[in-house]
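Here's a quick look at a structure, written for someone who likes the cut-offs spelled out. Have a glance first, then read on.

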Amino acid sequence: MTAKTLEPPADVEAATVEVHDVHKWYGTHRVLNGIDLTVRPGEVTVILGPSGSGKSTLLRVINHLEKPEIGHVSVNDELIGVKRQGDRLKELSERAILAQRGRIGFVFQNFNLFPHLTVLDNVAAAPVATGRLGKPEARELARELLDRVGLADKTDAYPRQLSGGQQQRVAIARALALRPGVILFDEPTSALDPELVGEVLAVIKDLASTGTTLVIVTHEIGFAREIADRVVFIDGGRIVEQGPPSEVLDKPRHERTRDFLSKVL
Amino acid sequence: MSEPPGAAVSLAEAPSADAPSKPLAAQRVLPLRRPGRWIATAVVLVLVAQFVHGLTTNPFYQWDRFGYWFLRPTILDGLLITLEVTAYSAVLGLLGGVLLALARLSKSPVLRAVSWTYVWALRSIPLIVVLLFLYNFSALYKTLSVGVPFGPAFFSFDESKLATDMVIAVIGLSLNEAAYAAEVVRGGILSVDQGQHEAAAALGLPKSYQFTKIVFPQALRSITPNYVNQLIGLVKSTSLVFYVSLLDLFGTAQTMGATYPGDIVPLLLVVTVWYLILTSVVSVIQFYVERYYARGASRNLPPTPLQQLRTGLTDLRARIRREAAV
């Protein structure tokens, strides 16, 4: 790994994320059952929970890839996907939602890089398409970001020519290109070979030290202990308990948390 | 079963016959002989030779007349018409197909139903019927007007002036082509991974950018071979425009054949060879288009025919050298 330490970009302010009483269901299946969560600026929050507990859905509700049935999410006091009209919430236009998503980074489990674009274009696409930067500036920024995640020599490669760990680092650079105030990670290392997990976690750790707000869904308990300011344990679409890793991971108060940790540790 | 006493002896002796010359590791493995394959190859070669012999020596084909007609200006004019009709219909058909596919994939049930019905109807009606309908269209509707249905018209055209034979042919073929292209395009769009849509949405890319720069280029990879298949069908379908009195390649040959009845066979050969050439050109273009859209999808691009030839020759040379060395 040749990743340099990430300097906090001067123009980016770490965001606050607030989730208010969010419920989400598919048909009769309730995925989220009233989630309340506040993530302070610069805080690193790790969400743990068994599969099907709703942790990925929660992450996807935050950037409005999924619409909550009840409740709302705000980032820096700006409602996401809806606006207040009198005492009701009204759905925003697609264009407005897309603009909001540009301020929230998202990193997928399966990377979802654009396979027909080079690594450089993958990173430079969003700033150009959203009109924030001209093409030369965006490419300059992309080069800089790829250098930071240790892939300066891969700019002209296509994603499928890279290893999983390299692809995920490109995906992180792609998310950073929009200078988001918060970055959401949906199991960023679950699709990787064990030996490639470390390089991705190292990049996320660097990111955490720059003071960007991070919300990370992961199964890497050791990593959570190392970087999390707060660990949130979710089961059955509810928050069972939350607190600093020294409490939730080492002295869990709930039976369900103890049970889960005993299985994954 | 009792073994013949000689068996064990011969088995023990067998290796000693060749073995002393070379150690086993240095011996080449003799490839398996395949006599069946050689016989089949010989039979096919004989059949091919007979076919070529018939084609070249049978006076029925009148190759001298073929030479006379092949580059005749009337034939080339017909070829030009065929090319024009194909080009316009291919482009308009693909555009229509993209619109129909988007309508079919839209969230509006009305758009979906209209698109489905269009494809259903146009795929059911024979192309020749569509063309003849359009040909008689000016009799059905004297004027075409743009306005509110059942209400006032804003402006209108005299239909007979608007619809030349060429326009009728292109419209007919495009209407038909769009129905098939719609399914090809829809299949291509559906073949793009859902994660691509999500990633584009999560990055906040504008909707039009998502389609034109992310989803459609990836869909083109599976659209291309299917659409080219469609296109080759279209090249040949253009021969039907003869029935709406447009003299394309086939139509010209047909009329010339009526004037010179003795030359019908060479004229059909001329048409056949030209269609073969057109299809070959389309296939070559297809190869390079597919290669272009394979960027990123496969780790290495498939070699061009030239590169294949070169590696083939290199391999052959290496093999001959190896054989000679042994």
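## Chain A, then a residue in chain B

In chain A, 66% of the contacts with a separation of 6 or more are between residues 24 or more positions apart; two residues count as in contact if their C-beta atoms, placed from the backbone, lie within 7 Å. This is a predicted model, where local features need pLDDT of at least 70, side-chain atom pairs count only at pLDDT 80 or more, and totals for chains, interfaces and linings use all residues. Residues are numbered from 1 along each chain as its sequence is written, while chains are lettered from A and ligands numbered from 1 in the order in which they are written.

Some overall values for chain A:

| Property | Value |
|---|---|
| C-alpha span along the principal axes of chain A | about 50 × 50 × 35 Å |
| Radius of gyration of chain A | 18 Å |

That radius agrees with the value near 18 Å for a compact globule of 265 residues; the radius is taken over C-alpha atoms, and the rule is 2.2 Å times the number of residues to the power 0.38.

As for confidence, chain A has a mean pLDDT of 91, with 96% of its residues at 70 or more (pLDDT is the predictor's confidence in each residue, from 0 to 100). Residues 1-6 of chain A fall below 50, though the model still gives this stretch 17 contacts beyond near neighbours in sequence.

Over in chain B, the C-alpha atoms of Lys236(B) and Arg65(B) are separated by 24 Å, with the two residues 171 apart along the chain. Lys236(B) is partly exposed because 14 other C-beta atoms lie within 10 Å (buried takes 20 or more, exposed 12 or fewer, partly exposed is in between, and C-beta atoms are placed from the backbone).
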